[in-house]
Amino acid sequence: MANKYYDLIVIGGGIHGTGVAQAAAAAGHSVLVLEQTTLASGTSSRSSKLIHGGLRYLEGMHFSLVRECLRERALLLKNAPSLVKLQPFHIPVYKDTNRRPWLIRSGLTLYTLLGGFNRAGLFRSLDQKQWNDLDGLDTIGLEAVFRYYDAQTDDAALTRAVMHSAISLGAELEIGAQLVAGQLNDNSTVIQYKKGAQNITCEARTVVNAAGPWANQVLEKFTPAQAPHAVDLVQGTHIIIEGKLTKGIYYMEAPKDRRAVFAMPWHGKILVGTTETAFDAGADPGSVIPLEQEARYLLKTMASYFPAYRNLQTNPLCSAFAGLRVLPRGNNSDGDIHSHFARPRETVLLTDRETSPRLLTIYGGKLTAYRATAEKCLKQLQPSLPIRDTIANTRRLTLEDPGEPCTSPSR
Ligand SMILES: Cc1cc2nc3c(=O)[nH]c(=O)nc-3n(C[C@H](O)[C@H](O)[C@H](O)COP(=O)(O)OP(=O)(O)OC[C@H]3O[C@@H](n4cnc5c(N)ncnc54)[C@H](O)[C@@H]3O)c2cc1C
């Protein structure tokens, strides 16, 4: 029997893989997504769950990234209102806070400008009399509290919603399907994957490697051999603690190293994150686990802002999770993760050849910008893809969590 043939096969069912599937299906292409475990089982369920421009990226002068993310935030607020919600964010400034009020005011002004002056871009410094109303925030030594707006989501639900949208446009999904090998030929790529005890072969005109932290392991499975892009993997841990935040999200500065840490409401509890710890690039990304010292660092930061959390006995840790950030190395990076703020934050798209690429690998990226990233992938693959009639525009597609595992009708 002849192999089943697709315009595009995507390896990985995280936000990037599902985003590419949605964009390809919307452009009229036949597409199959292979996911080795379940949708969003990798980084896409272990993020800080923010749909944001990334105020802190302004310090690294990543203006185009911030502008793109703010544009995508506006689209998601419109297209996924049940999944992406605008939230008040608070930045408390104490006498010993590193980032001074003038710097925060300038940053927020620039953030508003890059976001194109809309309701979501409004910010202000709260009156002193409002400080006592901020979920028990320590007011001793407090000099100012800035309130601005950004958005929060459920990353796994968003990923499922994007896949659901792709399926409604004709995309197919194979869950529990692990890529075993890929053979790049002149006019097509033969893909072999394993599903349970079955070995299945299919073919595609183009392949997108959206395996997140597994991207270089997936690349190794292709013949002829492909040169990988050098990356660093950085572990980010979040903890979930008992308690409630009713006034929104807090943007804190860790006392130890002045890094940004968020505390936010999450399913009736509080989510605090994130850390940055080097992860061995040769280790299995599936083995990432929260470390004890990371949990301590986050609890200490929370306690330094909220006195009620200074007694660990009465505020036990409920759970913790860790995910891996893929930081592509650029010309200026030295592999030191502690200088990573200065590292290029743009997503790297690596193709097997310049003209008519057959294989494209996605390195890095943001949950927020998945749709823009997917558009860029399709643009790069366009010379290799057959001409099809566009059936939808991803800028206008409504996203809703199907609330159940995604399945494609034909499988
Ligand atoms: C700690 C942390 C916090 C973050 N916070 C934010 C945030 O608040 N906002 C934001 O915009 N971005 C955030 N990000 C970035 C964002 O989460 C990631 O860029 C995004 O989730 C990456 O998605 P992905 O699809 O590339 O990878 P993943 O979600 O990891 O998906 C890769 C998938 O590939 C599958 N796979 C691997 N190998 C194979 C194989 N051989 N065959 C089949 N399938 C395979 C895996 O099972 C996995 O499901 C954060 C990242 C981290 C690490």
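How many Å separate the centres of domain 1 and domain 2, taken over C-alpha atoms? Let's start there. This is a predicted model, by the way, so keep that in mind throughout. The answer is 32 Å.

Okay, the layout. The protein is divided into domain 1, made of 4-44, 156-230 and 342-396, and domain 2, made of 89-150 and 232-331. Where they touch, domain 1 puts in 12 residues and domain 2 puts in 9. If you look at the domain 1 side of that contact, you'll find 7 nonpolar, 4 polar and 1 charged residues.

Now, the ligand. There are 38 residues around it, and the closest are Gly 12, Gly 14, Gly 42, Gly 212 and Gly 236. Which domains does that shell draw on? Domain 1 and domain 2 each give at least three residues to it. In terms of elements, helix H1 (15-26) and the strands E2 (31-35), E8 (177-184) and E17 (317-328) each supply at least two residues of the shell. By class, the shell comes out as 20 polar, 13 nonpolar and 5 charged residues.

Let's stay with H1 for a bit, and look at how it sits against helix H4, residues 155-168. The crossing is left-handed. As for who meets whom, the H1 side has Ile 15, Thr 18, Gly 19, Ala 21, Gln 22 and Ala 25, and the H4 side has Leu 158, Thr 159, Val 162, Met 163, Ser 165 and Ala 166. What classes make up that contact? It's 7 nonpolar and 5 polar residues, with no charged ones.

Most residues other than glycine have a negative phi, and most peptide bonds are trans. Ala 40 isn't a glycine, yet its phi is positive, about 60°. You'll find Ala 40 in the loop between E2 and strand E3 (50-51). Then there are cis peptide bonds to show you. One runs from Thr 223 to Pro 224, with omega near -5°, and Pro 224 is in the loop between strand E11 (222-223) and strand E12 (231-241). Another joins Gly 273 and Thr 274, with omega about 10°. Thr 274 lies in the loop between strand E15 (269-273) and strand E16 (277-279).

That's my tour, thanks!

Technical notes: Residues numbered from 1 in each chain as written. Predicted model: local features only at pLDDT ≥ 70, side-chain atom pairs only at ≥ 80, totals over all residues. Near = placed C-beta within 6 Å. Helix = DSSP H or I, 4+ residues; strand = E, 2+ residues; numbered from the N terminus. Nonpolar A, V, L, I, M, F, W, Y, C, P; charged D, E, K, R; others polar. Domains from an automatic or database assignment. Axes fitted to C-alpha atoms, helices over the stretch in contact; angles between N-to-C directions. Left-handed = near helix turned anticlockwise from the far one by under 90°. Contact = placed C-beta atoms within 7 Å.
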